Every structure is written in structure tokens, then in C-alpha cells.
Amino acid sequence: DLRKCIGCHACTIACKSEHQIPVGVNRCWVKTVEKGSFPDTKRFFFPVLCNQCDDAPCVSICPTNTLFKRRDGIVDFNSDSCIGCRACMAACPYDQLFIDPNTHTAEKCNFCANRVENKLQPACVSVCPTECRIFGDLDDPASEVAQIIAREAVTVRRPDKGTKPKIFYIGADEAAIQPEVAARPFMYKEGQVVMRPLGAVDEDPRDPGFPRVDYDVPHTQAWGLDMALYLLTKGVATGAILIAAMMWLLGSRGFVATIAAPLVSVVFSAITAAILIKDLERPERFYYILVRPNWRSWMAWGAYFLTAHGALSTLWLGAGALGYTGIVTAIAVPSLLVALAATSYTGFLFAQGLARDLWQGPHAAVDLVAQALIEASAVLLLVTQVYVEPGSEQFLTIVLAAGLAVHLVFLVFENLLTRSPTRHHELAVTAIRRGPYARLFWGLALGLGGIVPLALLAFGIAAPLAAPLLIGASLLSLAGAFAWEYVWVDAGQCVPIS
């Protein structure tokens, strides 16, 4: 009941004490928002904690079943299973998961399940001096919490996400409950983007009366440059087999289809695996994703797709090197299908990152295939400058041009032509168009890394390009694809969700 909260932070301290939470991270905290101009000012206190969702996205995305829903409705976790992939952080629309710096595993509020099992109130509830926190069983109509919800006007955070949250607020101001409304302090990247209240597009956040966040925890990104590198190396690895399979099925039996493409795939598959394992907070547990898979998680499916892709690439390379063309013919179609799955699954994984509106929708999976073809054909074109194979070079030029054309259509449609469905999406796109990512987007992803190489290759399809121009177009294409992957990953997480 926010009419009673005085912002004393006793709940935060009690939670830290109960669960020995380290400095710098929190299971719960009290966000503070100021509104108005002197002398007509208001301060709103907004307690933030896990929403114990009925349909918890963190449970669905966790690849090792670390997070689970108990019979009593509490969303709990088993840290012994956590590999530290941070997927749950990307999925939670409420910014409630974090990595414990001591255990290097995910952590979150679990309603003090240890206390609830012993018929005690959660620590934050028992210590609240104004009794603004009311805890109980919603399924019991005689309970205080059920009666309050039945008679009071209550709101929840992000109802549009469909998670069915179980934290209800009385008297929540829009500036406090909707994270995109109030201006943010310097710790937030989106502070570099003009943020206006919903429905008030002409207001200026520099106005002293503009709602502003006075206190909140630092906004933590789940994924960053490491994920962009993974997308690049995975794109080269899977795209190489896509190209090899297409060439083989079209009758090519040359060096590129037989040796070069599968070799590139094997090398970049190994690099991709190394990046994935190194990026985990608990890399020694990497195999848990294979032996304890959660089949609702696209990350678990992706681990199997990538494993199968690596095995088929290795088999293709070995059979090609030894001249066993019958084996290559037999695995060409399965390799094509597995490579498509390993390429596109990341789009569905990112869509499971429910917290980030920029990542929603299946179109990203299609663009990832286009990017894989760009990245692999660019690398293979560089290979053909050492081992000349004219027919293959022409085919790779066409593939690279086609991939660039599809990718550029996606960039223009997604970031310039489509109307943003939510304020969150609008802020992310604004950050790309004219915010901190504008130079990378306009200068490299769209310009030097997209339009320029496509123009060069368009001429090269009719008449072979000179080697320096072809090398330049390939390198620019790689740089442009990587630039967009970084922008897409980072900008999707730059909007506040708490």
C-alpha cells in the first residue's frame, strides 16, 4: 500500500540481512521518484521486488531448470544448477534478477521461502514499520490480502507482458510504476536519449516539473559485446555450411564447397563454443545445458543445434578431405537444415527475453539467416583471394549481395518505417536513430557496412571486381554486420525496466 510507504528502506536492509546479499546488488529495494516544481512537489516511494509471476518468463528461458515454480506459487531457484548465462535477466520484465558476486549464480527474491515454510512473514514484511506490505494467500478469500484486492483499486507492473504478476500496488503513481515515464540519472544509458512522459510528447525533461528518478539501483545489462561476438562467429560458422550445402546441391564439387567452407565452419564453431563457455559466470558447469536441459528454453535447443552443427561440419570436412563424396551428398540436406536451425534459433531466444521490446517478433530469425550468409560469404570471398576459384567467387558474390539486400531491408523497415508498438520500443529505436548508437547504425551498419558494399557487389555481379575492391566489400560487410549485432543487443537493453 503505497499510501503508507515512507521510503525508510528497512525492507532492503532486512532482506540483505536475512539472505546475506552482498553490497551492490539487491533482492528488493525502494525506488524514489520526484515530481513537480517547488513549492508544489511530491515524492513517491515504490518498493520493488520479484513479482512471483504465474507465467514466469525467467522459468521458461532458463536452460538448466534452475528457476522453478513451487506449489505455493513462489518462483524459486536452485543455485546448484545455475550456469550463469544471464538469460533470466534478459527475460524478466521487472529487472529482478542479478548475478551474486560471491556465488556467480543468479539470485532473486523468493518471498523468503525459508520463512514462509515455517509460517513466518517474509523479512521485508515483518520489518515494515508502517505495515505497507501485506502478505498472504490470494487463494484464501478470508485472507487480508485477498479482501484488500477485492475492494481496492490495485495495479500491477507491466500487465501488457502477460506474466500475471502477484505483487499488487495501491496508489501507484504512473511516474513510479512505469519505468519509461520519469527521467533517469547518469547511471542509465538511456539518459542520453530524450525521455518524455507517455502522452505528453511536447514536454521537455529539462523542465524542473518533469518526473525524475531520485533513487534506483543501477540498470544491469544481461548481454553485451560478448553476445555480439557470439552472433558474429556463429553467423560465419553456420553460414559457411549453408553456402556449402547450396553449392553442393547445385552441383559444385570444387575446393570451396568441399574443403574451405566446412573448414571455416569447424574453426568458427570452435571459436563460438569458446566464447559461449567463457561468457558464463560458471563456465565449469557449461555441460549442464546438455544434461539438464529445459525444453521450453530456446537456449537449450540452441546448444543441441550447435552441437549437431559442429559434428556435421566436422564430418563434412573429413569426408571431403578424404574424397568420400557419397557421405557429403548424404549429409548435405541434413547439414542445411541443422545450419538453418542453429542460425535462426537465436532470434527466438531473444524473443524469450520478454523484458526487451526491441527483440520481440520472429522477423529477427530471418535477419539472422541473412546476416549469416553475409558473414560467411564475406569470409569465403577472402579465402578465394588466396585459392582462386572463379565459379565459386561469382556465386559467393551473389550470395553476399543478396544477404546484404535482405538485411538492409530489415534495418530500414525495423528502425525507420515501422511505428513503435510500445514506449519501451520507441525509446530503444530512438537510441538507435539519434542516440548513443546513431553513429554505429547510420555510419557503419547502414552506410559503410551495408549500402557501400552492396553497391560495389552490384557491379561485381555483372563483371568480376578487382581483388582490392572485393576484399574491401567483404571486410566492410563483416564490419557492418557486426556493428548491427552490437547495436541490436545493446540498444535492446538500454531502456529502464525497473
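**Close-up views of a predicted model**

View 1. C5 is buried, with a relative accessible area of 13%. Here buried means under 20% relative accessible area, exposed over 50%, and partly exposed in between (1.4 Å probe, protein chains only). This is a predicted model: local features need pLDDT of at least 70, side-chain atom pairs count only at pLDDT 80 or more, and totals for chains, interfaces and linings use all residues. Residues are numbered from 1 along each chain as its sequence is written, and side-chain values use heavy atoms, with hydrogens and water left out. The cysteine sulfur closest to that of C5 belongs to C132, 4.5 Å away, which is too far for a bond.

View 2. C88 is buried, at 7% relative accessibility. Its sulfur lies 6.3 Å from the closest cysteine sulfur, that of C85, again too far for a bond. A disulfide is a covalent bond between the sulfur atoms of two cysteines. The criterion is a pair of cysteine sulfur atoms within 2.5 Å. A search of the whole structure finds 0 disulfides.

View 3. Side chains of opposite charge can pair when their charged atoms come close. A salt bridge is counted when a side-chain nitrogen of Lys or Arg is within 4 Å of a carboxyl oxygen of Asp or Glu. That rule gives 23 salt bridges. In the pair shown, the closest N and O atoms of R3 and D1 are 2.9 Å apart. R3 is exposed, at 55% relative accessible area. D1 is buried, at 14%.

**View 4. E18 and R115, a link between two helices.** These side chains form a salt bridge, with the closest N and O atoms 3.6 Å apart. E18 is in helix α1 (residues 10-19) and R115 in helix α4 (residues 113-116), so the pair links distant parts of the chain, 97 residues apart. Helices are DSSP runs (H or I, at least four residues), as are strands (E, at least two), and they are numbered from the N terminus. E18 is partly exposed, with a relative accessible area of 30%. R115 counts as buried, at 17%.

**View 5. K69 and D54, a strand and a loop.** A salt bridge joins the two side chains (2.9 Å, N to O). K69 lies in strand β3 (residues 67-69) and D54 in the loop between β2 (40-48) and α2 (57-61), so the pair ties together parts that are 15 residues apart in sequence. Both ends are partly exposed: K69 has a relative accessible area of 40%, and D54 has 35%.

**View 6. A network of salt bridges.** The linked residues are R158, D160, K161, E180 and D357.

**View 7. A nonpolar patch on the surface.** F286, Y287, L290, V291, W295, W301 and Y304 form the patch, with about 670 Å² of accessible area together. The elements giving two or more residues to this patch are α10 (288-291) and α11 (298-322). Patches are made of residues with over 30% relative accessible area and no salt bridge; like charges are joined within 9 Å, nonpolar side chains (Val, Leu, Ile, Met, Phe, Trp, Tyr) within 5 Å. Areas come from the Shrake-Rupley method with a 1.4 Å probe, and for residues only the protein chains shown count as cover. Y304 lies in helix α11. Y304 is partly exposed, at 32%.

View 8. V145, A146 and I148 are buried in α6 (residues 144-151). Down the helix axis, the buried residues fall within an arc of 160 degrees, so they line one face. The arc is that of the directions from the helix axis to the C-beta atoms. An α-helix has 3.6 residues a turn, so residues three or four places apart point the same way. On the other side of α6, E144, A150 and R151 are exposed. The buried residues of α6 pack against β8 (169-170), contact being heavy atoms within 4.5 Å.

**View 9. A cis peptide bond between F38 and P39.** Omega is about 5 degrees at this bond. P39 is found in the loop between β1 (29-37) and β2.

View 10. N65 is not a glycine, yet its phi is positive, near 60 degrees. N65 sits in the loop between α2 and β3 and is partly exposed, at 37%. R86, likewise not a glycine, has a positive phi of about 70 degrees. R86 belongs to the loop between β4 (75-77) and α3 (87-91). R86 is buried, with a relative accessible area of 9%.
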